Amino acid sequence: MVPDHWYDINGVWTGSATFLADGSIAMLYTGSTNESVQVQNLAFPENASDPLLQKWVKSEANPVLVPPEGIGLKDFRDPTTGWIGEDGAWRITIGSKLEMTGVALIFKTEDFVKYEEENILHSVNDTGMWECVDFYPVAASGVSGLDTSAIGVGVKHVLKASFDDDKHDYYAIGTYNATSQKFIPDDPEMDVGLGLRYDYGKYYASKTFYDQQKERRILWGWVGETDSEQDDLRKGWASLQTIPRHIWFDNKTTTNIIQWPVEEIDELRSAPLVVENLLLQPGSVVEVNTTEAAQLDIELVIEFPEDAAAIDAAEDNALYNCSTSGGAAGRGVLGPFGLLVIAEKNLTEQTAVYFYVAKSADGKLQTFFCHDELRSSLATDLILGVHGSSVPVLANESISVRTLVSPCLKRKFAVFFTETMNFEN
């Protein structure tokens, strides 16, 4: 779709599709009007038999939703996929804010043309504008996805919002009360914006959809690159869509979701290289020569026994943080260890993907997963940093990471590396 009507002439923005009861598809999307007011518009496929749905017809009823009273004219965007309730009515949620309180508004509709403002699904103080809101169910057990309308026993709900103020995607896990039309987080201290993020790197404006063919929920996200505007013009593009991820509820920790590249990525692999039982000395860097390739798909598995000796050896570092740690150059007793990718042979340029293990305030080991861009390029016009967070590693589980590398470069190799410990790959 392109901006060609008064109600979207200043932008065709984020939208979501919904399968209706008769099998047809309705698309709601945000348009920026000729006066830059954010409104919601409706469209249908021109040819429903086209598997790619390349052309759409905009409804004569547009705009079907305008900012309600009390909502800023430029603070009303990004409708979700609809879900149908026991009353037979559809509901959607749209992101907004009330002063500095981020909110997800609920609207009820019978036909996707006429709407009734029903409630505030959820709000969190001092989080600013919520955009690209997503709201969907996850099964409390198993890895299968659920239709967006699923509710009841054995079902949890995820509420996610993209924060316009800091450009991060936050989520919370909780319960959806269909009577009060409210989302209740399992842990108020881990509410939207207070706890979990989908991704701790450059990742924003994500949306999920339910793949009914393979019964899974798929997550897409947007990555803003660190290149300068001049480089973007030279390349001919700016920013990327991420590899789609299969997501499901982590029924072991019960506090987060799990993400993994969709299985179709495996079909793109060729010329596999397997390195096993590789012993690395502390502080060593070992190159793994790969064949010339446009992309690399690396799986690294590390056996890490959480025994008394390891805990005793680890330094107390309850305040460790990937972003403020100084990156992979900072050494500890148990880390960093992991990968260097897109690296020059003399390591003047390198991107570190690594783990760091430290002792938390309760005396237990805490594992951090970090991505260090500080030495990734000699260019001086890039915005580089260190990203990451702690990750739950349960007793008797391996530490593992899957890294998909797709550089726009002709040098393509990866090296395993460790700074201060021995491990077997």
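## A first look at this predicted model

C132 is a buried residue, with a relative accessible area of 3%. Keep in mind as you read that this is a predicted model. Have the structure open, and look up each residue as you meet its number.

**The disulfide**

- How many disulfides does the structure hold? There is one.
- C322 and C370 are the partners, and their sulfur atoms are 2.1 Å apart.
- The torsion about the S-S bond of C322 and C370 is about -65 degrees, so this disulfide is left-handed.
- C322 sits in the loop between helix 2 (308–313) and strand 21 (334–341), while C370 belongs to strand 23 (residues 365–372), so the pair ties together parts that are 48 residues apart in sequence.
- Are C322 and C370 buried or exposed? Both C322 and C370 are buried.

- Between strand 5 and strand 6 (residues 90–98), the antiparallel pairing runs over two bridges.
- To see this pairing for yourself, find W83, which stands opposite R91 in strand 6.

**Salt bridges around the chain**

- In total, the structure holds 23 salt bridges.
- One of them joins D87 to K108, with the closest N and O atoms 3.9 Å apart.
- This pair links distant parts of the chain: D87 is in the loop between strand 5 and strand 6, K108 is in strand 7 (residues 101–109), and the two are 21 residues apart.
- D87 has a relative accessible area of 46%, so D87 is partly exposed.
- K108 also counts as partly exposed, at 21% relative accessibility.
- K160 and D169 form another salt bridge, and their closest N and O atoms are 3.6 Å apart.
- Are K160 and D169 buried or exposed? Both K160 and D169 are buried.

- Where is R216 placed? R216 is in strand 15 (residues 216–223).
- R216 has a relative accessible area of 9%, so R216 is buried.
- Leaving out residues up to four places away in sequence, R216 touches G145, F209, Y210, D211, H246, V262, E263 and E264.
- Which residue forms a salt bridge with R216, the closest N and O atoms being 2.8 Å apart? That partner is D211.
- D211 counts as buried, at 12% relative accessibility.
- The side chain of R216 also makes a polar contact with the side chain of E264, at 2.6 Å.
- R216 belongs to a network of salt bridges that links D211, K214, R216, E263 and E264.
- For a sense of scale, compare R216 with L340: the two are 124 residues apart in sequence and 32 Å apart in space, C-alpha to C-alpha.

**Two threonines in loops**

- T81 is found in the loop between strand 4 (56–58) and strand 5 (83–84).
- T81 has a relative accessible area of 19%, and because buried means under 20%, T81 counts as buried.
- Beyond residues up to four places away in sequence, T81 touches S16, A17, T18, R91 and T148.
- A polar atom of the T81 side chain lies 3.0 Å from the backbone oxygen of A17. R91 is the residue in strand 6 that stands opposite W83.
- T242 lies in the loop between strand 16 (240–241) and strand 17 (245–249).
- Is T242 buried or exposed? T242 is buried, because its relative accessible area is 11%.
- Again leaving out residues up to four places away in sequence, T242 touches Y203, W220, G221, W222 and V223.

Key: Residues are numbered from 1 along each chain as its sequence is written. This is a predicted model: local features need pLDDT of at least 70, side-chain atom pairs count only at pLDDT 80 or more; totals for chains, interfaces and linings use all residues. Side-chain values use heavy atoms; hydrogens and water are left out. Helices (H or I, at least four residues) and strands (E, at least two) are DSSP runs, numbered from the N terminus. Buried means under 20% relative accessible area, exposed over 50%, partly exposed in between (1.4 Å probe, protein chains only). Contact means heavy atoms within 4.5 Å. A polar contact is a pair of N or O atoms within 3.5 Å; within protein, one must be able to donate a hydrogen and the other to accept it, and residues adjacent in sequence count only if both atoms are side-chain atoms. A disulfide is a pair of cysteine sulfur atoms within 2.5 Å. Two strands pair if DSSP finds at least two bridges between them. A salt bridge is a side-chain nitrogen of Lys or Arg within 4 Å of a carboxyl oxygen of Asp or Glu.
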